[in-house]
Amino acid sequence: MSEKAKITVNDKTYEFPLTVGSENETAIDISALRAQSGLITLDTGFKNTGSTKSAITFLDGEKGILRYRGYPIEQLAKESDFLEVAYLLINGELPTADQMDSFSDNITNHTLIHEDMKRFYEAFPSNAHPMGILSSMLSSMSTFYPESQNPDRTDKDVELTIHRLIAKIPTLAALSYKSSKGQPYIYPDNSLSYVENFLYMMFAVPSEDYVLDPVVVDALNKLLILHADHEQNCSTSTVRIVGSSKANLYSSIAAGVSALWGPLHGGANQAVIVMLERMIREGGDMQKWIDKAKDKNDPFRLMGFGHRVYKNFDPRATIIKKSCDDVLEKLGVDDPALEMAKELEAIALKDEYFIERGLYPNVDFYSGIIYRAIGIPTEMFTVLFAIGRLPGWIAQWKEMVSNNEPIGRPRQVYIGAKERNYTSFDKR
Ligand code: MLT
């Protein structure tokens with residue numbers, strides 16, 4: 001495209017090229033702005049700033065479109081499985097049967113964690129939040145595999161780190177749950193699929209049979225797929241920016257887990273259940289909560305409704321709503337919080353106030369309900385999100401490295417004190 005963007009400041013005009021993506025998204029490339037004019041752009045929260053050109057995930061928030069490497073999320077959720085989607089995101093193409101076998105074998109071979117790492121679990125307080133544990137454990141993996149710290153790592157080293165990360169994250173997560181319950185650890189059973197193995201390590205009890213429910217396995221597989229990437233969100237941008245300093249991949253992912261933990265990001269699914277429990281505790285009259293949500297002066301906010309980038313609907317929520325109904329029906333759960341959730345969902349889907357404002361139940365709302373129904377403790381919800389998001393973080397890190405992107409270093413507009421002279425205590 002030969003068109004240019006012109007920026008006029010105090011009668012001086014500067015020209016900048018436009019960059020057009022494969023879906024015709026257009027950006028003004030202002031990388032030469034400061035050199036030409038001495039000016040910078042200000043965009044707190046980077047809401048209008050493209051931090052990179054990426055070939056991984058496309059989303060259109062107005063139309064409710066989400067695609068990984070060009071494949072619609074609806075097709076992947078229906079027909080693929082999480083490990084295949086992980087392969088797709090990380091390698092750019094769907095695997096052949098042989099590639100898939102070898103990828104699955106590699107993941108299966110690395111599910112155990114170093115026995116010494118178990119001692120960390122004993123040191124955490126019994127009520128430690130599993131996201132804090134997960135982030136620490138992932139970071140500590142770089143100390144067990146010191147070759148990962150070498151910034152001149154080979155592609156083979158990177159591949160091994162990727163296999164270890166994907167293989168071990170369910171084991172690390174399940175161990176944090178078992179240790180919080182004071183229960184014996186369950187070692188991975190490598191005859192099971194990725195999702196089955198996670199459920200087994202979470203819920204099996206030694207010397208008792210653990211029966212896997214296919215409806216639950218399917219719902220969890222879908223949830224992991226739906227969470228696998230979401231272009232330049234807060235945790236992904238964190239992974240890319242930490243990795244841009246050439247920090248090792250384990251530490252970059254650990255930083256992503258910390259970013260995901262916040263209630264405005266991955267912590268939202270936990271916040272949904274906390275909200276439902278509060279509604280029950282403080283009086284289950286739904287109308288009262290709907291009125292509070294509509295009242296601008298009331299600090300109460302509905303958690304799990306609407307989305308920052310999807311203006312009309314979240315395509316992930318549309319897919320997972322069906323799994324949510326299936327899980328609730330299959331398990332026949334009798335739980336006031338889930339009753340409350342269904343009531344809230346029914347109102348929000350038909351109340352004009354919510355419809356007009358795009359306040360539809362989002363993926364965090366339904367994932368929170370599914371996790372609750374299948375017995376995942378509330379504090380583990382965000383950990384499940386992290387397991388799902390891991391391939392996306394890895395793919396984005398790999399892309400950043402292979403593009404040879406420079407270290408992330410935003411600028412600022414300084415608004416503090418002008419230069420002043422220091423005086424010692426006795427003279428102040
Ligand atoms: C995500 O999936 O990362 C969340 O929906 C948040 C976001 O995209 O900003």
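Predicted model: local features only at pLDDT ≥ 70, side-chain atom pairs only at ≥ 80, totals over all residues.
Let me begin with a definition: angles under 35 degrees count as roughly parallel, over 145 as roughly antiparallel, 65 to 115 as roughly perpendicular, and the rest as oblique. Those angles run from 0 to 180 degrees between N-to-C directions, and the axes are lines fitted to C-alpha atoms, for helices over the stretch in contact. Residues are numbered from 1 along each chain as its sequence is written, and side-chain values use heavy atoms, with hydrogens and water left out.

I turn to the helices, which are DSSP runs (H or I, at least four residues) numbered from the N terminus. The axes of helix 6, residues 130-144, and helix 7 come within 10 Å and cross at roughly 140°, and helix 6 and helix 7 are therefore oblique to each other. Helix 7, residues 155-181, also packs with helix 8, residues 194-203, at an angle of about 20° and with the axes 8 Å apart, which means that helix 7 is roughly parallel to helix 8. Elsewhere, helix 9, residues 214-227, packs with helix 14, residues 315-331, at about 160°, their axes being 10 Å apart, so these two, helix 9 and helix 14, are roughly antiparallel.

Now to the ligand. Which residues surround the ligand? They are H230, N233, H265, H307, R308, R316, F385 and R389, where near means that a heavy atom of the residue lies within 4 Å. This shell divides into one nonpolar, four polar and three charged residues; here Ala, Val, Leu, Ile, Met, Phe, Trp, Tyr, Cys and Pro count as nonpolar, Asp, Glu, Lys and Arg as charged, and the others, Gly among them, as polar. An oxygen atom of the ligand is 2.7 Å from an N or O atom in the side chain of H307, and for the side chain of R389 the corresponding distance is 2.7 Å.

How values were computed:
Polar contact = N/O pair within 3.5 Å; in protein donor to acceptor, adjacent residues only side chain to side chain.
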